[in-house]
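Work through the exercises below with the sequence and the model side by side. Try each task before reading its solution.

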Amino acid sequence: MTVVDPSESSPGTRAAARKERVAGWRVGVLASPAAPVYGALIGIIVLAWIVVTIDGGEFLTTGNIVNMLQRSVALGIVSLGQTVVILLGSLDLSVAALISLSSLVTAQQMDGQPGNVIPAILIVLAMGAGVGLANGLIITKLRVNAFIATLGMALILGGIIENGWSGPQGGVTDAFSQDLGYTRFGVIPMSFILFAVVAVVIWFILRSTRFGYRVYAVGGSEDVSKLSGLRTHRTIIGAHIVCSLTAVITGIFLASRLKAGTPTVGLDGGYDLESIAAVVLGGTALTGGRGGVIGTIGGVFILAVLDNVFNQLEFNSFVRDVVRGIVIIAAVAIYARRQEKKA
């Protein structure tokens, strides 16, 4: 008896199935909310390369790539946490002050002693969790708007910094500073690996856990989430804890780069508004419920490339702010039009 392969197993059918899968993958990628972000990123990189080359500089060099990756780490990590709170319709303006405070506490607790590195990191992480818990409780239990609650927390932290430190606080160990702040593998800095790990963890939390599902649900509609039986207050508190933890991780990283804690490192970097800008550039809606980590990473890279070009072309601060403002407004306008067309 002759056995005939079923039609679905024939070479022609398998080839057609592969083509269909590839076509479906392409459509899925192009339909992704993050697709326009990375399209814009590629366009900005090409434009930056042309402009810098015309100006007589070099853009796609090893040193310049390393510089852009390192510049993306601090903003990138805090922006990942900001993504979580914005996804549920909140935000956090206390991150800049918390970054400054965490850099100071890190340096003070390490005190130049290798044996103090891990305890110092644990203390700073606990401090971050406490600040996030306080933000969440103020928003949920006291019914204070997130903008006002986190702005008030920023002022409180700023007062603590001004009262406790009048200048840089030295004490980060040389080994810790070198390993986290300056070590790299080829063109990949160690700090960028930290950024990638935090991104993967938060992406997994948002996409594969109940907490992540609840973040999107609360961002879509807190009232509907309550009627569905979700404990929205716990979700809001948890999101603010995550955001504060990313802020203190950023502070630890900046302390390793500067080899000291600095009272103004967070505020000077503008990480409160910059992180919100990166999230918005990444396509996450300020009203919540739409967006994610992948888009935020693209937004961070866009800002890092722009900063690098500004430095190479020696633009003054006024021109930098104007261009960045135009880019952010244009991006939000484009996203809004795309959502209207989909609706």
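**Exercise 1. Salt bridges**

Task: State how many salt bridges the structure holds, then trace the network around Asp 307.

Solution: This is a predicted model. The structure holds four salt bridges.

Step 1. Start with Asp 307 and Arg 71. Their side chains meet in a salt bridge at 3.9 Å, N to O. The pair links distant parts of the chain: Asp 307 is in helix α14, Arg 71 in helix α3, and 236 residues separate them.

Step 2. Go on to Arg 324. Its side chain meets that of Asp 307 at 3.3 Å, N to O. Arg 324 lies in helix α15 and Asp 307 in helix α14, so this bridge ties together parts 17 residues apart in sequence.

Step 3. Salt bridges link Arg 71, Glu 274, Asp 307 and Arg 324.

Step 4. Check burial. Buried means under 20% relative accessible area. Asp 307 counts as buried because its relative accessibility is 14%. Arg 324 is buried too. Arg 71, at 37%, counts as partly exposed.

**Exercise 2. Positive phi**

Task: Locate Lys 259 and Glu 314, and judge their phi values.

Solution: Begin with the background. Most residues other than glycine have a negative phi.

Step 1. Lys 259 has a positive phi of about 60 degrees. Lys 259 sits in the loop between α11 and β4. At 44% relative accessibility, Lys 259 is partly exposed.

Step 2. Glu 314 also has a positive phi, near 60 degrees. Its loop runs between α14 and α15. Glu 314 is exposed, at 68%.

**Exercise 3. Asn 135 and its surroundings**

Task: Is Asn 135 buried or exposed, and which residues does it touch?

Solution: Asn 135 is found in helix α5 (residues 117-140). Its relative accessible area is 0%, so Asn 135 is buried. Its contacts beyond four places in sequence include Asp 92, Ser 94, Met 153 and His 240.

Now compare with the record. The unreviewed UniProt entry annotates residues 117-139 as one of its transmembrane regions. Over residues 117-139 the model is 100% helix, and the end C-alpha atoms are 33 Å apart.

Definitions and conventions:
Residues numbered from 1 in each chain as written. Predicted model: local features only at pLDDT ≥ 70, side-chain atom pairs only at ≥ 80, totals over all residues. Heavy atoms only, no water. UniProt positions renumbered as here; feature names shortened; annotations may be inferred. Helix = DSSP H or I, 4+ residues; strand = E, 2+ residues; numbered from the N terminus. Buried < 20%, exposed > 50% of the residue type's maximum accessible area, 1.4 Å probe, protein only. Contact = heavy atoms within 4.5 Å.
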